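I opened this entry to record what I looked up in the structure. The notes follow the order in which I went through the chain.

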Amino acid sequence: MTVRAKELLEGAEVIAYPVRKLGEEGTALEIVKGAVDVSGKEVVELLFSMNPDDEVRRRCRAENIERMCAMLDEGKDIAMITLGDVAVYSTYMYLDREIRNRGYETEVVPGIPSFCHGAARARLPLMIGEESLAVLSMAKHNLDKVERAVDCMDNIVIMKAFASIREIAVMMERRGIPLSNATVMSNIGMEDEYVGPLDADREYGYFTTVLIKKKVE
Ligand SMILES: C[S@@+](CC[C@H](N)C(=O)[O-])C[C@H]1O[C@@H](n2cnc3c(N)ncnc32)[C@H](O)[C@@H]1O
């Protein structure tokens, strides 16, 4: 978390945090609690459904926008938190556009993307010299896109990789890239953090990112 993020969180009356299911422990909120005293603040859970139906997800976002605008109309400053960096696969960006369009003032504060944190933990460069990097999601098992990235780029970060580990291993084998060129970065910054080789037979949780480096020094 940056100094600016801490400053804004300390000054806000409301802290809004995203959850995938109502009542679940918000990972972003737990991280914030380690740095900011949230007692005395209104802490609001916002549901961002992971339902595959686009319409369900869109409805969830619309409800969150209405709730946030109602709080802003009451004169409350809201700090909406998100995991990692807000520009990397974060739903908040949809909300920001709409809330600004309605005439409210917003500020987007950068964070540390999980793949940067993971690469630091693994002591690996994401790119060095003239190397390139592609960042992709595998939530929809879109292996085609990943294969094209692997063919064109020097380094590939695969996010939302938890359910695609075997597909990634098979794809690497097919392309003659040794499995040892892949590093799994899972639950980075958490108690059960794992940084290590890709094991196709192991189960990894939702917070799993894979880094493939075609050239290993
Ligand atoms: C909705 S995206 C959020 C990305 C986030 N904004 C970022 O900057 O990393 C969720 C995906 O980010 C990655 N991720 C988020 N937190 C992580 C962590 N602590 N360790 C490893 N990967 C993580 C995983 O690939 C996960 O499936």
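**Entry 1: two tyrosines and a loop**

I began with tyrosine 89, which sits in the loop between S3 and H4. The model is predicted, and I read every value below with that in mind. Phi of tyrosine 89 is positive, near 45 degrees, and the residue is not a glycine.

Next I went to helix H4, residues 92-101, where Tyr92, Leu95 and Ile99 are buried. Viewed down the axis of H4, the buried residues fall within an arc of 60 degrees, so they line one face of the helix. I checked what that face meets: the buried residues of H4 pack against H3 and strand S3 (78-80). On the face turned away from the buried side I noted the exposed residues Arg97, Arg100 and Asn101. Glycine 103 follows H4 and has a positive phi, near 100 degrees.

**Entry 2: methionine 71**

I placed methionine 71 in helix H3, residues 54-73. Methionine 71 has 17 other C-beta atoms within 10 Å, so I logged it as partly exposed. Not counting residues up to four places away in sequence, methionine 71 touches Val14, Lys76 and Ile78. I also looked up its distance to glutamate 13, which is 58 residues apart from it along the chain: the C-alpha atoms are separated by 10.0 Å.

**Entry 3: domains and cores**

I noted the division of the protein chain into domain 1 (3-101) and domain 2 (114-213). The C-alpha centres of the two domains lie 28 Å apart.

Which residues have the most contacts inside the largest nonpolar core? I listed Ile158, Ala161, Ile168, Ala182, Val210, Leu211 and Ile212, in a core of 22 residues. Two or more residues of this core come from each of H5, helix H6 (143-152), strand S5 (155-159), helix H7 (165-174), S6 and S8. S5 gives the largest share, 4 residues. A second, separate core has 14 residues, including Val32, Leu46, Met80 and Tyr92. I had already logged Tyr92 as a buried residue of H4.

Not counting residues up to four places away in sequence, leucine 211 touches Phe115, Gly118, Ala119, Leu124, Asn155, Val157, Thr183 and Met185.

**Entry 4: the ligand**

I counted the shell around the ligand at 22 residues, the closest being Gly84, Val88, Ser114, Met159 and Ile188. Which elements supply at least two residues each to this shell? Helix H5 (114-122), strand S6 (182-186) and strand S8 (208-213) do. Domain 1 and domain 2 each provide at least three residues of the shell. By type, I sorted the shell into 10 nonpolar, 10 polar and 2 charged residues.

**Entry 5: one more positive phi**

My last stop was histidine 141, in the loop between strand S4 (133-137) and H6. Histidine 141 is not a glycine, yet its phi is positive at about 50 degrees. With 11 C-beta neighbours inside 10 Å, histidine 141 counts as exposed, the cut-off being 12 or fewer.

Methods:
Residues are numbered from 1 along each chain as its sequence is written. This is a predicted model: local features need pLDDT of at least 70, side-chain atom pairs count only at pLDDT 80 or more; totals for chains, interfaces and linings use all residues. A residue is near a molecule or strand if its C-beta atom, placed from the backbone, lies within 6 Å of it. Ala, Val, Leu, Ile, Met, Phe, Trp, Tyr, Cys and Pro count as nonpolar, Asp, Glu, Lys and Arg as charged, and the others, Gly among them, as polar. Domain bounds come from an automatic or database domain assignment. A nonpolar core is a set of buried Ala, Val, Leu, Ile, Met, Phe, Trp, Tyr and Cys residues joined through C-beta atoms within 7 Å. A residue is buried if 20 or more other C-beta atoms lie within 10 Å of its own, exposed if 12 or fewer, and partly exposed in between; C-beta atoms are placed from the backbone. Two residues are in contact if their C-beta atoms, placed from the backbone, lie within 7 Å. The arc is that of the directions from the helix axis to the C-beta atoms.
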